[in-house]
Amino acid sequence: MEKNKDFVKECVEKYRSRLLDTSKRNSLISFNHSERSRQHVRVIDELPDFLYGEFLDGKTLTFLPLPEEDQIPPDEKTPTFRRRLEQAKLTDEDYIEAIDDINEDEEGALDKIKQIERDLRNKIREELGLPVWKEQKSLTNAEVAKKHNLNPSYEMPDPTPENQEDAERHVDKFIQTLLKPEEMSRKLSGLNSCVRGDIEESGVNTLYAAFGFLQWHESENSDKPCVSPLLLLQLEIEKKQSKEGYTYRIQATGEEPEINLSLSERLRADFGVELPDFTGEDGPETYMNKVAELIKEAKIPKKEKWKVRRFITIGRFRFARLVMFHDLNAKKWPGDTEVSTNEIVQSLFAGSESESSGDHADDYDIDTPEVEEAVPLLITSADASQHSALVDVMKGANLAIKGPPGTGKSQTITNIIANALAKGKTVLFLAEKMAALNVVHERLSNASLGPYCLELHSTKAKKTEVLKSIEERLKLRSSKGNGGYLASKLQEFKRHKDHITEYIDVLNAKFGRQNKTIHDYLWAAQLRKDRMGDLLSALSKTKIPFEQADLTGSELTAHTDELRTIVSLKQDVDKESGKGQHPWGFIGNFSLNPFQQDELKQLLVHWTEQLEKMRGILKEFSGQYDLNIETNAAKLEAFLNDTETLAHWAIDDLDQKLIADLGGVKKAEALATFVDDVHTYRTAQDDIATLKDVSTAILKIQEIEKHTVSAEELDADTLSALEIRAAVQALEEELKIWEKSLKTLLGIGERFGVSKNEDLDKIYALAEVPDYIASVPRDYLLFRTRDVIDEANAGRLKTAADTQGRIRGLIEEQEMKFDLSMMGQPHEIRMHAAAMDNAGFFAFLDTSYRQAKKLYTLSSKYKRKFDASKASETLREIANAKEERQKIEQDTQLQAVCGSSFNGIDTDFVKLQKINEWAASVRKRYTAGDEFTRSVRQ
């Protein structure tokens, strides 16, 4: 045991040392104040102690930019110039080299960057053929700050009486920055996105305010100093929409301030000195003085170059592992205990004496009393393997539960915690991702176990929140319920459970000589029912004795084969009979003796001979008379009836020669034609005999011919008399309507100065007015204004309608995929697209490319594989759509044309365009210059 303890202690120290990063890769050791970085913001002209005190008092402070002084000429705000500027920042070698040479830690670095950008702008102006900008030189950020009585130095002012009694800027609710509004908004937007991403992914808030920095050198030979923060206070940031845009406000989370433990450990290891402790009575000024005194008295190389910088930086700092490093310090554990003596830690490093069950665990019978006692309850569903895992955990086994997403791991963890609580145990649940913690906590809350959960992650891990949560739990009082009622319900539950268990046992019991379970028989019966359908009702009438139904598997197979044979014979019989009934089906005697069987055979032979003889006679008769006589019984009977009918005819009435000549097919057809002609002749003769007045009939025929000619001219020769009469009546009704309408039109015409004797063209012009009014929906006419129907505005309305149709669908489609509000203005989106286009093999080293990629990923609503070229194309499409939308919404002339109907991109331009086109068609129809036409058009 003692050997294991030493081994475990060695392992703990080994892994503990890996938690500590004291290299320059750690921003807590070497912090790079980059003016281009979007992960921190530097503060100017603030008193450290006052700012620190405001945070401790729970005040909310707002970042304040420099006053806006726009000295950029208008021709540099065009899309062409901005696009060229974005590309040049990524490709111009002189610009990139000048930017890289700037030491961003020194004061005035931001102003130098501005001057380099001004030089680049002048270079682009020359390339685009723009005139030389001769305006006054742009003020640097530092000059703007001085102009407004602000100290542009990143060194905070000393707490002298003069500064403390200075202007209200030192004691207001704002945090002053050396950034213009657009610069500050871009930086804070990036910082907010990074911090939110850290919280959502790992549940750790990485936003801190760093008060004071130590500038130090690693050795005597090092020329470039390291700059490390000294005192860190955790903050939280809030993004708010205002009339001027977005504002960013911060406040302290309530956590205690912390010193830079990474720096303290590095100084202890390299120089034998440690940072002083920060007490509750200290402030930033006091602590910076303590560190300055420590450096002054310490024996360290290049001590004269070491100095405390009075910087205040608000940014992203990560040191969660450093806290773990100190938690694993054996000296911090209570009493004689230490982490290496913990039973769980020892089992992790040295193993346990219990035998392992292997990679896979067996499933338990969950209905046994032993399992029920180990796992008394489930608050979420669980299958057999998940339930068995619960049993192993509750029995104290160490195990790993593996499975792909969606297999119920979080459900199993929830059940484990619930059962541990039921046993009076405490559970510490850890997860690398915050999402896993949230899922389990939500499931426990849904099961009314939320009050038993103490959240120690994310924003819930604030000191004030933890203390408040503990206070609420101390106030909880367990209410004693009715024990008798609960006992009766448990007893009732156990009775139902025993009944269900008994039922399951019966279903799984073996039955019969086939050695199958009742469950198998029931499902087999259901399967047969589904397959047989109506056959089941027929089989239900069949009574099978039990002793015959109790068959073995082989006996059942034999009977099945016999049934198949019977079915096959039945199919053969049906095939021979053609009607499903065998010719010998009338025979009912199935027990003939041998003599009767011989007699039946002889009778069958005789019948066969007679049938063959009859078939020969029919064949000869058919050949003699060229007939096709079928040999089945029904056809023969019909032929016999026909011959008997012929036998009753009087032979003397028939022409023998004619009958003899009927042997030919053509002659028979000629005879049939002759008979038809005779029949027609006799019918006509009868009709003529009934005609009395021939002359009157002839006159009637002539009159009919005359009307027929007229009908042909009217294209009515194909109509019946009734149809013609109906058509005449319809024409008469239509004439009445025309008469009435003409009278109305003449009445309207009188108001326009038209007399009855004037040209009908004016009447026709009036008649077309209702058609023009009805050619557009009535509600469209409500939007008819002088500007909308003006011919000069047709092109503007058409362009707006085309643009709307083109970009509305694109914007709706992109809003389903991206959060467009996160992408900013079109020129910012194009800047990110240009960064993606110009990124090479080492794109991951380019800050602008990484920022563009992160913006694209964070704004995407769905996870997708990142493709730089496709992402760039998508961003440009979004930028174009946003820009075109802004053009429509900011088009004052278009607003004047549409009037009250204007609603930005949601304006119904198609409706307004149709009204304009309708007005144009009215003007085209009524183009004459006379007063009548103008009146009608108006």
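Q: Where does Glu265 sit, and what makes it count as buried?
A: In this predicted model, Glu265 belongs to helix α9, which covers residues 261–271. Its relative accessibility is 16%, and the cut-off for buried is under 20%. Glu265 therefore counts as buried.

Q: Which residues is Glu265 in contact with, once neighbours within four places in sequence are left aside?
A: They are Leu20, Thr22 and Phe325. To be listed here, a residue must have heavy atoms within 4.5 Å of those of Glu265.

Q: Why is Lys305 called partly exposed?
A: Lys305 is at 40% relative accessibility. Buried would need a value under 20% and exposed one over 50%, so Lys305 falls in between and is partly exposed. Its place is the loop that joins α10 (284–297) to β8 (307–316).

Q: What does Lys305 touch, and how far is it from His217?
A: Apart from neighbours within four places in sequence, Lys305 is in contact with Gln215 and His217. Lys305 and His217 are 88 residues apart in sequence, and their C-alpha atoms are 7.7 Å apart in space.

Q: What makes Asp520 partly exposed?
A: The value for Asp520 is 37% relative accessibility. That lies between the limits of 20% and 50%, so Asp520 is partly exposed. Asp520 is part of helix α19, residues 518–532. Between its C-alpha atom and that of Leu507, 13 residues away along the chain, there are 8.5 Å.

Q: Which residues of α16 are buried, and what puts them on the same side?
A: Met434, Leu437, Val440 and Leu444 are the buried residues of α16. They cover an arc of only 135° around the axis, and so lie on the same side of α16. The general rule behind this is that an α-helix has 3.6 residues a turn, so residues three or four places apart point the same way.

Q: What do the buried residues of α16 pack against, and what comes just after the helix?
A: Their partners are α8 (181–202) and α15 (409–422). Just after α16, Ser448 has a positive phi of about 65°.

Q: How does the span of α15 compare with what is expected?
A: From its first C-alpha to its last, α15 reaches 20 Å with 14 residues, close to the 20 Å expected at 1.5 Å a residue. Its buried residues include Gln411, Thr412, Asn415, Ile416 and Ile417, and the buried residues of α15 pack against α14 (384–394) and α16. Just after α15, Gly424 takes a positive phi of about 80°.

Q: Why are Cys194 and Cys226 called buried?
A: Cys194 has 7% relative accessibility and counts as buried. Cys226, at 1%, counts as buried too. In both cases the value is under the 20% limit.

Q: How many disulfides does the structure hold?
A: The search of the whole structure finds zero. A disulfide would need a pair of cysteine sulfur atoms within 2.5 Å.

Q: Which residues of the largest nonpolar core touch the most other members?
A: Phe55 and Leu214 do, in a core of 48 residues. Strand β5 (residues 226–242) supplies the largest share of this core, six residues. Apart from this core lies another, of 30 residues, including Leu820, Ala835, Tyr856 and Ala871.

Q: How many helices and strands does the chain have, and what share of its residues is buried?
A: There are 37 helices and 10 strands. Of the 938 residues, 30% count as buried.

Definitions and conventions
Residues numbered from 1 in each chain as written. Predicted model: local features only at pLDDT ≥ 70, side-chain atom pairs only at ≥ 80, totals over all residues. Heavy atoms only, no water. Buried < 20%, exposed > 50% of the residue type's maximum accessible area, 1.4 Å probe, protein only. Helix = DSSP H or I, 4+ residues; strand = E, 2+ residues; numbered from the N terminus. Arc of directions from axis to C-beta. Core = buried A, V, L, I, M, F, W, Y, C linked by side-chain atoms within 4.5 Å. Expected span 1.5 Å × (residues − 1).
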